[in-house]
Amino acid sequence: MFSDIKHVFIVGDIQQCQAELNMRFCNHSLVPCSLFTSPEMNYCWVFSPNKSKLFELVSLIQNGANNTSAKNLPTCLLCVCLTGSVYCEEVLPLMMSVPTLPKETAYLYARFNMIEKISNGDFADIVTLKRIDLTGNQISEIEDGAFSKLTLLEDLNLSENRLVKLPMLPDKLTYFNANNNHLKTSGVKANAFKKMTKLRNLLLADNRLEAVPFIPDSVRIVHLQNNNITEVNVNTFCKSNDTYYLRPSLSEVRLDGNPVMLSKYHDSFTCMNVLPVGKYR
């Protein structure tokens with residue numbers, strides 16, 4: 001289908017660009033198709049008013065190179081920009097860094113690209129962000145202050161990357177997902193989640209953690225399956241110095257796929273309404 005085209009064609013000049021796009025798309029589609037060019041910016045692209053979607057971008061390389069980078073291309077040509085939301089999923093040419101975002105961006109979906117690093121300046125000017133989804137990139141490093149100015153951020157998804165440690169995280173997060181990374185306990189600060197009084201979902205499955213991190217009272221769902229956790233204690237979920245302490249909001253704890261034998265720690269779950277999922281014999 002016309003809307004499913006993801007290829008980028010590299011051509012040498014405006015005329016060739018027009019010929020390529022007309023031949024490949026506009027003359028073979030029942031959808032009204034308009035062709036735009038910008039010699040100053042060295043781009044031409046196809047736009048269908050019926051679907052209000054950018055379908056194809058052609059980067060004009062004067063020397064006729066066979067590849068290009070997303071780095072210097074306008075974000076809203078590579079991605080779909082709606083009011084307050086930017087969708088950059090499986091971008092071609094390859095997106096290897098966080099794109100420059102419109103000032104009013106509240107929701108960023110940059111999944112399944114080749115982003116390798118998050119720097120302090122990537123989100124510094126976009127203080128309106130409420131959700132960032134970077135699932136399925138190649139991120140191995142996030143500078144410690146990368147999210148420090150995002151006081152409105154509630155939802156952060158860093159799953160399916162290559163992280164070995166976590167940066168400082170915003171206190172107002174309600175959802176945090178770092179499943180399928182390379183995190184060890186040494187890469188997660190002891191107080192990483194301590195100030196997150198609104199956190200509801202803490203997802204750290206399929207990592208290399210050796211211990212359960214501090215879990216705020218507000219958390220409802222904890223996923224720690226498929227790590228290297230070998231033990232828990234009475235203070236992991238409950239409080240040894242407070243026999244009246246309860247955690248009624250904690251409704252799901254997954255520890256399956258860890259070496260820990262949960263039946264050895266029966267006194268460690270007395271404050272909870274549900275037992276963790278995991279190995280008991």
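Seven salt bridges were counted, a salt bridge being a side-chain nitrogen of Lys or Arg within 4 Å of a carboxyl oxygen of Asp or Glu. The model is predicted, so local features need pLDDT of at least 70 and side-chain atom pairs pLDDT 80 or more, whereas totals for chains, interfaces and linings use all residues. Residues are numbered from 1 along each chain as its sequence is written, and side-chain values use heavy atoms, without hydrogens and water.

One of these bridges joins Arg 111 to Glu 89, with the closest N and O atoms 2.5 Å apart. Arg 111 lies in the loop between β6 and β7 (117–118) and Glu 89 in the loop between β5 and β6, so the pair ties together parts 22 residues apart in sequence; strands (E, at least two residues) are DSSP runs numbered from the N terminus. Lys 117 forms a salt bridge with Glu 143 (3.3 Å, N to O). Lys 117 lies in strand β7 and Glu 143 in the loop between β9 and β10, so this pair links parts 26 residues apart in sequence. Salt bridges that share partners also join Glu 89, Arg 111 and Asp 133 into one network.

Ser 159, in the loop between β10 (155–157) and β11 (175–177), is buried at a relative accessible area of 6%. Buried means under 20% relative accessible area, exposed over 50% and partly exposed in between (1.4 Å probe, protein chains only). Beyond its neighbours within four places in sequence, Ser 159 contacts residues including Leu 134, Gly 136 and Asn 181, where contact means heavy atoms within 4.5 Å. By comparison, Leu 92 is partly exposed, at 39% relative accessibility.

Technical notes: Helix = DSSP H or I, 4+ residues; strand = E, 2+ residues; numbered from the N terminus.
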